[in-house]
Amino acid sequence: MNAISPIQGAFPQPAPTPLIPESAPFSPEQRAWLNGFLAGLYGGAAAGGATAAPAAEPEEDFPWHDPALGLDERLKLADGKPPARRYMAAMAQLDCGQCGYVCKTYAEAIASGAEGSLALCVPGGKATQKALKALVSEAPAPAPAPALRPTGPSMVPIRVLAAHSLSGEGSAKDVRNLVLDLEGSGLRYEPGDSLGLLAPNDPALVERCLQVLGASGEEMVTCPDGVSRPVREAFLSHLAIARPLDRTMDLLAGAARDPKEAAMLRKLVDGDDDAEPQDADLLDLLEAFSSARPSLTDLAASLPGLKPRLYSIASSPLAVPGRVELCVSVVKAERRGRVRQGVASSHLGFRALPQSGALILAEDGGHALPGDRERALPVSALLPAYMQESHFRLPEDPRTPVVMCGPGTGVAPFRAFLQHRAAQGIKGRTWLFFGDQKSATDYLFRTEIEGWLADGTLERLSLAWSRDPGAKKVYVQDRMKEQAADLWRWFQDGARFYICGDASRMAKDVDTALRGIAMSEGRMDADAARDWIVALAKQNRYQRDVY
């Protein structure tokens with residue numbers, strides 16, 4: 001997933017999950033919530049990154065758990081259900097993991113009282129936040145729940161070797177092919193898995209926050225893991241200062257000496273569209289509300305913990321043994337007169353590289369480091385990492401047709417799929433839908449893709465460019481509609497359909513296109529088309545890796 005966490009398959013089967021025994025000193029409600037939390041954690045709900053949704057309980061149906069449905073439709077389907085299920089219906093239904101849960105366990109955490117923030121659903125945004133506030137106000141106050149401090153995945157340090165540019169000159173994007181060394185790490189992966197990386201915050205942002213706070217950086221605060229550290233270290237490596245929660249704004253509102261600033265902060269907490277600054281990081285808030293200065297101890301306690309980002313792996317271990325590759329779009333935008341950078345993507349694209357220079361491509365296509373290959377790399381080149389196993393997998397039978405839809409950096413797992421099949425000498429029955437803004441500058445992995453098309457590893461290729469000069473905007477879902485008859489025949493031949501990329505729009509548009517194809521080519525009505533999609537997912541023939 002790229003950049004922040006995907007669903008690894010629409011209906012994956014989770015690994016065995018530890019359960020809280022009935023003899024434990026918890027109420028039934030607390031035990032149920034804890035078991036839900038563990039299901040999310042062990043089922044792949046790594047905070048901030050790609051997640052595998054735990055399988056729904058067989059005795060309960062979640063008809064609202066469908067990202068193609070509108071918020072009003074989802075809430076209507078959950079009408080009359082217990083609060084936790086109504087809260088779940090308000091989520092974006094993507095199980096993207098950016099909230100630190102999946103939709104079901106986040107809703108249950110709110111209902112139990114273990115989670116107080118209603119603004120964690122990133123793809124749901126303000127609409128979800130407002131719906132949750134309304135629903136919570138209608139529900140009885142939950143009983144106190146035990147405080148939990150999840151330990152997260154076990155991580156090992158690996159080093160970044162290179163960040164080769166994939167974007168052509170003049171592109172509006174900066175997409176990098178990251179190469180990381182797995183030698184000695186013990187990490188193993190298969191195509192379709194994701195790599196979790198814990199990147200630090202931008203040191204310049206940390207220093208500016210400390211300056212505005214009037215802090216030396218040596219003041220001690222408690223981090224989410226319960227360990228006391230200097231606030232500079234906490235801000236750099238343990239706290240998410242790039243995206244404060246509503247509880248941080250609530251704390252600032254309570255500390256503000258200026259009534260107008262306190263009122264504006266309250267409006268931000270309430271998700272008011274007219275409140276400023278919108279999409280603020282900690283520095284934005286501190287600069288905008290100079291009278292709001294809580295203690296460093298309270299401020300640190302209000303901030304969420306810095307979480308790993310998960311990226312869909314863009315390589316096959318058969319093609320690059322001992323290494324793993326990613327396809328990362330470096331996030332950078334100017335806002336309120338200041339350049340805002342993605343926490344992980346900017347670190348990977350720039351700060352994580354060895355100070356003496358990145359690896360360069362050797363003539364034989366391998367990687368060579370300038371100077372002594374065995375010399376020690378600086379600490380900045382090491383990142384804590386873990387592998388997130390998924391069910392986003394190639395079919396075991398290579399004769400099964402494979403349809404892959406991955407615009408932009410969503411092509412990452414499909415590069416891994418095709419690399420893997422090429423290494424195994426498997427030809428044909430693969431169809432890739434790929435697109436981006438401009439063919440001249442944004443055709444990622446062009447040489448490899450066209451090589452696989454030429455040698456038969458890739459049977460069909462459908463390209464879509466939305467910003468080519470003089471051409472109308474074309475997206476991957478448009479190409480799907482144009483080739484609906486052929487695509488339907490592939491489905492009738494047992495094809496598996498894979499989608500990777502942006503969850504908020506592209507994935508929904510592709511899902512809508514598939515339903516339209518079922519209606520036009522399969523002569524289904526809207527309800528039957530929806531049931532067909534659900535059946536595909538249950539048969540593991542429709543898998544999504546969205547973020």
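Biologist: What should I know before reading the model?
Modeller: The model is predicted, so local features need pLDDT of at least 70 and side-chain atom pairs count only at pLDDT 80 or more, while totals for chains, interfaces and linings use all residues. Residues are numbered from 1 along each chain as its sequence is written, and side-chain values use heavy atoms, with hydrogens and water left out.

Biologist: What is the strand order in the open sheet of six strands?
Modeller: The order is E6-E3-E12-E1-E2-E7, with antiparallel pairing. Strands (E, at least two residues) and helices (H or I, at least four) are DSSP runs numbered from the N terminus, and two strands pair if DSSP finds at least two bridges between them.

Biologist: Which strands stand at the edges?
Modeller: Strands E6 (309–312) and E7 (323–329) do; each has a single partner strand, so one side of each lacks a neighbour in the sheet. On average, neighbouring strands of this sheet are turned by 40° against each other, direction ignored.

Biologist: How many bridges join E2 and E7?
Modeller: Strand E2 (residues 175–181) pairs with E7 over seven bridges in the antiparallel sense. Asp181 stands opposite Arg323 in E7.

Biologist: Which helix lies across these strands?
Modeller: Helix H12 (residues 343–351) lies across strands including E1 (156–165), E2 and E6, running at about 65° to E6. Axes are lines fitted to C-alpha atoms, for helices over the stretch in contact, and angles run from 0 to 180 degrees between N-to-C directions.

Biologist: Turning to Arg338, where is its place?
Modeller: Arg338 is in strand E9 (residues 338–341). The side chains of Arg338 and Asp284 are joined by a polar contact of 2.8 Å; such a contact is a pair of N or O atoms within 3.5 Å, and within protein one must be able to donate a hydrogen and the other to accept it, while residues adjacent in sequence count only if both atoms are side-chain atoms.

Biologist: And the cores: which residues have the most contacts inside the largest one?
Modeller: Tyr106, Met480 and Phe497 have the most contacts inside this nonpolar core of 57 residues. Such a core is a set of buried Ala, Val, Leu, Ile, Met, Phe, Trp, Tyr and Cys residues joined through side-chain atoms within 4.5 Å, where buried means under 20% relative accessible area (1.4 Å probe, protein chains only). Helix H17 (residues 503–521) gives the most to this core, with eight residues.

Biologist: What does the second core include?
Modeller: This separate core of 25 residues includes Phe417, Trp452, Trp465 and Cys500.

Technical notes. Contact = heavy atoms within 4.5 Å. Buried < 20%, exposed > 50% of the residue type's maximum accessible area, 1.4 Å probe, protein only.
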